Amino acid sequence: MKNKTLSIVYSATIAALYCALTLAVYPLSYGPLQFRISEALCILPLFMPQSVIGLTVGCFLSNIFSTAGPLDMVFGTLATLIASIVSYIGGRYIKNTPCKLLVGILSPTLFNALIVPFAILAMTDLSQMYFITALWIGVGELAVLTALGIPLYFSFKPIAEKLVKK
């Protein structure tokens with residue numbers, strides 16, 4: 001995208017949308033079993049590079065309100081950043097749509113499942129529950145990305161491609 005101002009606006013809009021969607025369903029967005037509907041937006045890096053920054057900033061802002069506190073701001077944001085970068089790279093180089101979607105779904109699922117439990121479990125004495133917490137985080141992430149992320153991909157990708165060409 002040639003217009004840097006427009007690129008910043010897209011990133012900021014995604015960050016605000018991520019934060020708003022996370023806080024709109026506050027009880028479901030935090031804890032060992034979470035269904036952040038905002039995580040559906042993690043499909044966007046497959047075709048929209050500005051979403052990498054937007055998702056990262058949105059996650060950071062959302063995690064200010066997390067029950068895991070500053071640790072979630074660090075670990076949750078790190079998971080989102082890594083997953084977004086992997087999805088962006090996959091979206092850029094993989095041409096087959098099902099494979100591309102697989103990367104877009106699995107990278108946030110795996111990185112969140114592996115990294116976020118550190119923030120959640122550090123606040124408790126349940127450190128031996130890492131694998132169960134990772135499983136629950138992964139299940140929630142996979143459910144949201146499958147149920148909401150895939151339809152978002154197919155409905156928003158043509159619109160985003162038209163916006164980028166302008």
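Buried means under 20% relative accessible area, exposed over 50%, and partly exposed in between (1.4 Å probe, protein chains only). T77, at 11%, is buried. This is a predicted model: local features need pLDDT of at least 70, side-chain atom pairs count only at pLDDT 80 or more, and totals for chains, interfaces and linings use all residues. Residues are numbered from 1 along each chain as its sequence is written, and side-chain values use heavy atoms, leaving out hydrogens and water.

**T77**
- T77 sits in helix 4, residues 70-93 (helices are DSSP runs of H or I, at least four residues, numbered from the N terminus).
- Beyond neighbours within four places in sequence, T77 is in contact (heavy atoms within 4.5 Å) with T56, C59, F60, N63 and D72.

**Nonpolar cores**
- A nonpolar core is a set of buried Ala, Val, Leu, Ile, Met, Phe, Trp, Tyr and Cys residues joined through side-chain atoms within 4.5 Å.
- The largest has 17 residues, and I43, L46, F47, L55 and Y153 have the most contacts inside it.
- Two or more of its residues come from each of helix 1 (4-24), helix 3 (50-62), helix 5 (97-122) and helix 6 (130-165).
- A second, separate core has five residues, including A79, V116, I120 and I137.

**Cavities**
- A cavity is a set of points, on a 1 Å grid over the protein atoms alone, where a 1.4 Å probe fits but cannot get out; lining residues have an atom within 4 Å of a point.
- The largest cavity holds about 80 Å³ of space, a volume being the space filled by probe spheres set on the points.
- Its lining has 13 residues, with Q34, R36, E39, N112 and V116 nearest the centre.

Definitions and conventions: 1 Å grid on protein atoms, 1.4 Å probe; cavity = no way out; pocket = protein on both sides within 12 Å on 5 of 7 lines; lining within 4 Å.
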